[in-house]
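Biologist: Can you walk me through this model? Please keep the terms simple.

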Amino acid sequence: SVKNISNYRFERKFRIFNLSKMEVETIVKSNKRIFSEIFYSRIVNNIYYDSLGFSSFYDNIDGNTERKKYRIRWYGKLFGEITNPTFEIKYKKGLLGYKDQYKLNSFIMDKHFSNKTIDHIIANSSIPKKIKFILKSLTPTLLNSYRRKYFQSLNKIYRITIDDNQGFYPIKNINNSFLQCFHDESVVLELKYKTIYDEGSEKVTNEFPFRLTKNSKYVNGINKLYGLEF
């Protein structure tokens, strides 16, 4: 469903290779908009879905402005008993993003994890029937995990997240040992705000010594795992 544009928010991403997370944090804290840490740092974990032909991956590569991403997300430990997971549909229109979320039941993430496990989780959830139908044609392709810190400007208009410690694991239909992990050394900064505040956003980004990049953790992960060509 196409959402009302006012529900979308801007998501400007910066993928940074030549600075440590501490250095990026220092730059954020020295911004004139006065960013301070909110919340607490936590580990974010995702299972991404795609079609057999990786249409979600290629939609991103080809620069299709309207895209959808399907994923299961949870916070905290990557393996073991997973509590409070959510199923998310991420809608993208250029730099604008929006997501729908649905609660899922707890599950176990271990070597017995398989497509059947996921199918069972989805079947027993309150996700709308039409989305469950779409998911029948998709398959889990990637598991990823990273550490995220949260910052907010003094006027509470702009939020920044900083991600590092990124790890990617392939997901197979069955027999997932999850021993094969690919690391990404980059630090990802994301600036998020409501569309009505776009005009003032340059005042924030102009102070950054790095430039806006197109960045998708999913695309980076699929590249690392499968070496798909652009």
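Modeller: One term to start: buried means under 20% relative accessible area, exposed means over 50%, and partly exposed is in between (1.4 Å probe, protein chains only). Helices (H or I, at least four residues) and strands (E, at least two) are DSSP runs, numbered from the N terminus.

Biologist: And where does the model come from?

Modeller: This is a predicted model: local features need pLDDT of at least 70, side-chain atom pairs count only at pLDDT 80 or more, and totals for chains, interfaces and linings use all residues. Residues are numbered from 1 along each chain as its sequence is written, and side-chain values use heavy atoms, with hydrogens and water left out.

Biologist: Which residues are buried in helix 1?

Modeller: Helix 1 covers residues 21-29, and Lys21, Val24, Glu25, Ile27 and Val28 are buried there.

Biologist: Why do they line one face of the helix?

Modeller: Look down the axis of helix 1: its buried residues fall within an arc of 160°, so they line one face. The arc is taken from the directions that run from the helix axis to the C-beta atoms.

Biologist: What covers the buried residues of helix 1?

Modeller: The cover includes strand 1 (9-16), strand 2 (35-50), strand 8 (139-153), strand 9 (159-170) and strand 11 (187-194). Covering rests on contact, meaning heavy atoms within 4.5 Å.

Biologist: New topic. How many residues are in the largest nonpolar core?

Modeller: The largest nonpolar core has 47 residues. Ile72, Phe87 and Leu189 have the most contacts inside it. Strand 11 gives the largest share of this core, four residues. A nonpolar core is a set of buried Ala, Val, Leu, Ile, Met, Phe, Trp, Tyr and Cys residues joined through side-chain atoms within 4.5 Å.

Biologist: What does Ile72 touch?

Modeller: Leave out residues up to four places away in sequence. Then Ile72 touches, among others, Asn45, Ile47, Tyr49, Phe87, Leu104, Phe107, Ile118 and Ile122.

Biologist: What is in the second core?

Modeller: That separate core has nine residues, including Phe54, Phe57, Leu142 and Ile222. In soluble globular proteins, nonpolar side chains tend to be buried together.

Biologist: How do you define a pocket?

Modeller: We use a 1 Å grid over the protein atoms alone: a cavity is a set of points where a 1.4 Å probe fits but cannot get out, a pocket is an open set with protein on both sides within 12 Å along at least five of seven lines, and lining residues have an atom within 4 Å of a point. Grid points are joined across faces, edges and corners, and a volume is the space filled by probe spheres set on the points.

Biologist: What sort of residues make up the lining of the largest pocket?

Modeller: Eight are nonpolar, ten polar and 18 charged. Here Ala, Val, Leu, Ile, Met, Phe, Trp, Tyr, Cys and Pro count as nonpolar, Asp, Glu, Lys and Arg as charged, and the others, Gly among them, as polar. Strand 3 (66-75) gives the largest share of this lining, five residues.

Biologist: And the second largest pocket?

Modeller: The second largest pocket has a volume of about 230 Å³. Its lining has seven nonpolar, two polar and three charged residues. Helix 3 gives the most, with five residues.

Biologist: How many cavities of 30 Å³ or more are there?

Modeller: The count comes to one. The largest cavity holds about 70 Å³ of space. Strand 3 gives the most to its lining, with three residues. By class, that lining has two nonpolar, three polar and five charged residues.

Biologist: Is Ser125 buried or exposed?

Modeller: Ser125 counts as buried, at 11% relative accessibility. Ser125 sits in the loop between helix 3 and helix 4. Beyond its neighbours within four places in sequence, Ser125 is in contact with Lys103, Leu104 and Lys132.

Biologist: Which phi value does Ile34 have?

Modeller: Ile34 has a positive phi of about 55°, although it is not a glycine. Ile34 lies in the loop between helix 1 and strand 2. Ile34 is partly exposed, with a relative accessible area of 47%.

Biologist: And Asn165?

Modeller: Asn165 has a positive phi near 55°, and it is a residue other than glycine. Asn165 lies in strand 9 and counts as exposed, at 54% relative accessibility.
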